[in-house]
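This report concerns the pairing of charged side chains. The chain and its coordinates are shown first.

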Amino acid sequence: MRILITGGAGFIGSNFIRHLLRADPEVEVLNLDALTYAGNLENLADLGEEPRHRFVKGDISNPEIVEACFRDPLDAIVNLAAESHVDRSILDSSDFLKTNVRGTQVLLEAARKFKVPRFVQVSSDEVYGSLGETGKFTEETPLAPNSPYSASKAAADLFVRCYHQTYGLDAVITRCSNNYGGHQFPEKLIPLMILNALDERELPVYGDGLYIRDWIHVSDHCHALDLVLRQGRAGEVYNIGADQELNNLEVVHRILDTLGKPASLIQHVQDRPGHDRRYAISSRKLREELAWQPRIAFEQGLEATVQWYRENRDWVGRVRSGAYRDYYDRLYLQRDRTLAGL
Ligand code: NAD
Ligand code: TYD
């Protein structure tokens, strides 16, 4: 099976590539990633010279680069490339529109043109908006995005849907809850709080800290994506979540307890505008249809994640400074140009 994975140098993408290559010796991966601030080939360094993984540095919103990836037949595309951070989208939504919406449309168009048998769009539960105190998102919950990030993901989902309806493209959408685990860029809640706590710097909790997220370990997400890729029904949406709702203060306290650091590090800071109060997702359809189950309890996953960040301070330093970028730019420039026929 030859799969184009976009965003494979990011947090979930790199974990997913590792998962696929380990799980199936027949899988070959073409990894298309623009290596933005969030993409880092060090995330895949442990693969070494793995011949079943080939990297192309390029932007999914560039049709020329994308079409060059289709020169050899593909069995599937899994689109993980995205601008992914809500706070950045509030500061400036332009890249979110370009990558998340236009980029997805460029990929869909190429998939249609080259008749790719399967397209998996990796989306987010944030497209459903915010919940009150009770209930969970199901696949039928209306889309009601509140941030520029979630609006761009919802728009992309609608394009995927319409390519299935209009052109008969075999496409599936997954909507997952908040992921955590190793290799996550330290701007998201869990890695940021772990690193600040390790350095005994203040932990900036937005507003009252009672915002609720439904946490899933990245490896459980990857396992679900693998099942949907192979067995999901075309035209369907599958929610992915592990039923682990916690408010942000609970998460931060658990991190502090794991590290033996004082609660006095917590600082309540100005709230995020348009902050979604609660996410909770039902993954009943995925569990019943594809026999998926999460394997990692939050306590266990958080401990492993804390340990990962403790042991990978060099990685943190490098991804924060962007120091790796020039090196990989030089390394891959020639190979990309050859592939793109430029
Ligand atoms: P990430 O920010 O860690 O990685 C995104 C990757 O996409 C990076 O490697 C980046 O270089 C690449 N990229 C960005 N713009 C690109 C472009 N124009 N062309 C090619 N590559 C580009 O994000 P993540 O957390 O790994 O999320 C991956 C996907 O999963 C996203 O689509 C996101 O919306 C979705 N998702 C994330 C979560 C979560 O909790 N992190 C939850 C549900 C869904
Ligand atoms: P985040 O990791 O950015 O994911 P998302 O906004 O996509 O759910 O944030 C998770 C929650 O943590 C969210 O309610 C915002 C909150 N948060 C803070 O309180 N402080 C922070 O520094 C960050 C990054 C997030």
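## A pair within helix α4

In this predicted model, Arg 112 is partly exposed, with a relative accessibility of 34%. Its partner in a salt bridge is Glu 109, at an N to O distance of 2.9 Å. Glu 109 is likewise classed as partly exposed, at 27% relative accessibility.

Both Glu 109 and Arg 112 belong to helix α4, which spans residues 94–113. Three residues separate Glu 109 from Arg 112, about one turn of the helix.

Helix α9 (residues 284–290) holds both Arg 284 and Glu 288, four residues apart, or about one turn of the helix. The side chains of Arg 284 and Glu 288 form a salt bridge of 3.1 Å, N to O. Arg 284 is exposed at 55% relative accessibility, and Glu 288 is exposed at 60%.

Arg 233, Glu 236, Lys 285 and Glu 289 are joined into one network by salt bridges that share partners.

## A link between a loop and helix α1

Across the whole structure, the search finds 25 salt bridges. One of them pairs Asp 46 with Arg 22, with the closest N and O atoms 3.8 Å apart. Asp 46 is located in the loop between β2 (28–33) and β3 (53–57), whereas Arg 22 is part of helix α1 (residues 11–23); the pair therefore ties together parts that are 24 residues apart in sequence.

Arg 22 has a relative accessible area of 65% and is exposed.

Terms used
Residues numbered from 1 in each chain as written. Chains lettered and ligands numbered in written order. Predicted model: local features only at pLDDT ≥ 70, side-chain atom pairs only at ≥ 80, totals over all residues. Heavy atoms only, no water. Salt bridge = Lys/Arg side-chain N within 4 Å of Asp/Glu carboxyl O. Helix = DSSP H or I, 4+ residues; strand = E, 2+ residues; numbered from the N terminus. Buried < 20%, exposed > 50% of the residue type's maximum accessible area, 1.4 Å probe, protein only.
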